[in-house]
Amino acid sequence: MHSPRDPYVRVRGAREHNLKGVDVDIPRDVLAVFTGVSGSGKSSLAFGTIYAEAQRRYFESVAPYARRLIHQVGAPKVAEISGLPPAVSLQQRRSAPTSRSSVGTVTNLSNSLRMLFSRAGEYPPGAERLDSDAFSPNTAVGACPECHGLGRVHRTTEELLVPDPSLSVREGAIAAWPGAWQGKNLRDILDALGHDVDRPWRELPAGQREWILFTDEQPVVTVHPVRDADRIQRPYQGTYMSARRYVLKTFSDSRSPALRAKAERFLTSAPCPVCGGSRLRPEALAVTFAGRTIAELVALPLTDLAQLLGEKGGSETVRVLTADLTSRIAPVVELGLGYLSLDRATPTLSAGELQRLRLATQLRSGLFGVVYVLDEPSAGLHPADTEALLTVLDRLKAAGNSVFVVEHHLDVVRGADWLVDVGPRAGEHGGEVLHSGPVAELAAVTESATARYLFARDPVPPRRPRPAEGWFRVGPVTRHNLRAVTAEFPLGVLTAVTGVSGSGKSTLIGEITEEPAAVGRLVSVDQKPIGRTPRSNLATYTGLFDVVRKVFAGTGQARERGYGVGRFSFNVAGGRCETCQGDGFVSVELLFLPSTYAPCPDCGGARYNPETLEVTHRGRNIAEVLDLTVAGAAEFFADTPAVARSLATLLDVGLGYLRLGQPATELSGGEAQRIKLAGELQHGRRGHTLYLLDEPTTGLHPADVGVLMRQLHGLVDAGHTVVVVEHDMTVVADADWVIDLGPGGGDRGGRIVAAGPPAEVARAGGSVTAPYLSRCLP
């Protein structure tokens, strides 16, 4: 045993994911950074082992009843960990926030502001004091009764519901109705109610059309279906629902994104006429503070809100409440997020913004003696904001905490007290700790990819910018903080769009929704997940799995047994293991304990039944092939051209470490984006394509950024146009054209500060990006 005063977290025998029995000692109360190429195992060590073990110990101390309410991380594969304090994790998960979640709710600032209005607001004469809940649009007492606190009302019109009035109801005039049986049912009910379903819509009397589309009545009627010769249908009781009612119900209640999106096509959304979009009841809007309603204050950028609160004097209560609010706003502004307003909806924030908001909230929590485990806090940060991030991490450390960060940004790595470098390469070629010690000592580690970039002696020789083959114009754009901005983008080259966080880069790119005149197609390669369930994986998404199944179906064994391609799918009955229905795991329900997932007792996680697994190709069965990494599979399938081509593009974007069967739910945003890019590269497009990428280097080690850039330049050399939003200055320096937005974020941004080749933008006055860019140019 180590003494209680042992100042180290000591990990012994870590075997999570690809870690090879790692032993490592990391001091407490320091800023320790975990580095290594993408897929080397650094997250498996920081999150999968250290954080997971801290979680497990915490859960063991929790009552079994409470334990099942918390999503539990499984016990990590590790021999022992000593000296481990409790841990708090801040990960870049895109938790699915609802439209009611906002900057104010994530940071708890809304609560403080509502308290201020309740206790210190100026009420109209004779009005009684309101509870703080009455100032929240998310409570029954505060929400505007007309729009239920959403600020917008959804309406529909006859033109939207019936796009083609020359059709009859039977021919599908009411486009908003569901398809298949449910739609036929509604048509049969109308028929039974005595409406003419065979006359063209426009010939029906106005009163009837109004009732069919907009009635709130739901009459029940006996339907006698038309007898089909092949089946006898009995009469049934059918309930009518008007088209408007169906669309609104689907839009508000459906859990299926596809159905909701379909319903939304038949709705127009407008600010609520009663609350004017402020989401609150009139009683709450009658109360003011410093002459403004709460709706006006939550719409202000946080920097302006803090200034307004600072100027307001008043009673002791007012002083205490405003001081509390300003002290909570300070860390948010410090992390470069002062341009956000409290009412900004969480789903419109980037992953980096959301993580920094959570970080700012932690700064105020006053915890000490814990380990904070952070996942790339610099993601989405301009180099100018990275310095503020380091200050914040230092403050967490100064409060008596250990800060463990998984990070690729070299400035953050240089600012660390301790460095754990994992590698040497990705997947099965990584999983070893190459160095654990002070940053400077990494220079001596020859096999470290991180060392090559951290102590790089020679700057990259500059590329001559390619000339534009034409131009296309975007704008004028007035949205978020962009005010009538018009941008000119060059064709046939690589353009980087830069600017501090919140300057309007993504908003500008988001305005490119259709291909310009000279371009054949537009492809936006985003970071949305490639699938929402563990059944969707790398092999199924890229179409690789179809080819692999053909290979198996073509083997001698499969032919003898009459196995087709379907036999080798884990999504359909036949070849899959029926105990787990091809999932590879089963949910074990335990009384009083959390339901846990265990490998399937019959197939042991292989997903297929024993007969299917008897079929092999070169000594491996289908389950073993799904377990190969992309790099391993490329060797295995070297002589199957269709498979090899698909795998080559995945290797080209630096994803050689992923397993073919890796579930979509385990992939990071950056990985999902690069899988989509590989899909594009694989098709070898003819015709001019415009590619848009928002921060493609997020989550990439500098070594992998080089690999990705070769691909993007390859696309341009093949005659395409590439536009990237980027904070990594090595990428910007390597572009042909740069458009820099700013100068600041939010209201202080939204203008084009400079545009031109990198060398020219690096000299631009008034650009926050220029000094950082010039450091990357020789």
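Me: Among contacts in the chain between residues at least 6 apart in sequence, what share joins residues at least 24 apart?
Reply: The share is 66%. Keep in mind that this is a predicted model.

Me: How many helices and strands are in the chain?
Reply: The chain has 30 helices and 23 strands.

Me: How do I judge whether the chain is compact?
Reply: Set its radius of gyration against the globule rule. The rule gives 28 Å for 778 residues, and the chain has 30 Å, which is close, so the chain is as compact as a globular protein of that length. The C-alpha trace spans about 90 × 85 × 65 Å along its principal axes.

Me: What part of the chain is buried?
Reply: Buried residues make up 50% of the 778. The accessible surface comes to about 35,600 Å², and 52% of that belongs to carbon and sulfur atoms.

Me: Where do nonpolar side chains tend to be in soluble globular proteins?
Reply: They tend to be buried together. Here the largest nonpolar core has 72 residues. Val548, Phe637, Leu660, Leu677, Leu712 and Val722 have the most contacts inside it. Take Val722: beyond neighbours within four places in sequence, its contacts include Val493, Tyr691, Leu712 and Val716. Another core, of 62 residues, lies apart from the largest one. Phe117, Leu337, Leu359 and Leu396 are among its residues.

Me: How is a pair of aromatic rings described?
Reply: By two values: the distance of the centres and the angle of the planes. This structure holds 15 aromatic pairs. In one of them, Tyr8 and Trp418, the centres are 6.3 Å apart and the planes stand at 70°, so the pair is edge-to-face.

Me: Where do Tyr8 and Trp418 lie in the chain?
Reply: Tyr8 is in strand β1 and Trp418 is in strand β12, 410 residues apart.

Me: Is each of them buried or exposed?
Reply: Buried means under 20% relative accessible area. Trp418 has 15%, so Trp418 is buried. Tyr8 has 26% and counts as partly exposed.

Me: What about the pair of Phe570 and Tyr608?
Reply: Their ring centres are 6.3 Å apart with planes at 70°, so this pair is edge-to-face. Phe570 sits in the loop between α21 and β18, and Tyr608 in the loop between β19 and α22. Phe570 is buried at 1% relative accessible area. Tyr608 is buried, also at 1%.

Me: Which residues do ring pairs link into a cluster?
Reply: Phe117, Phe135 and Phe289.

Me: Which ring does the charged end of Arg620 sit over?
Reply: The ring of Phe636, 5.5 Å from its centre. Arg567 lies over the face of Tyr563, 4.1 Å from the ring centre.

How values were computed: Residues are numbered from 1 along each chain as its sequence is written. This is a predicted model: local features need pLDDT of at least 70, side-chain atom pairs count only at pLDDT 80 or more; totals for chains, interfaces and linings use all residues. Side-chain values use heavy atoms; hydrogens and water are left out. Rings of Phe, Tyr and Trp (its six-membered ring) pair if their centres lie within 6.5 Å; planes under 30 degrees apart count as stacked, over 60 as edge-to-face and the rest as tilted. Helices (H or I, at least four residues) and strands (E, at least two) are DSSP runs, numbered from the N terminus. Buried means under 20% relative accessible area, exposed over 50%, partly exposed in between (1.4 Å probe, protein chains only). A charge sits over a ring if NZ of Lys or CZ of Arg is within 6 Å of the ring centre and within 35 degrees of the ring normal. A nonpolar core is a set of buried Ala, Val, Leu, Ile, Met, Phe, Trp, Tyr and Cys residues joined through side-chain atoms within 4.5 Å. Contact means heavy atoms within 4.5 Å. The radius of gyration is taken over C-alpha atoms; the globule rule is 2.2 Å times the number of residues to the power 0.38. Accessible areas come from the Shrake-Rupley method with a 1.4 Å probe; for residues, only the protein chains shown count as cover.
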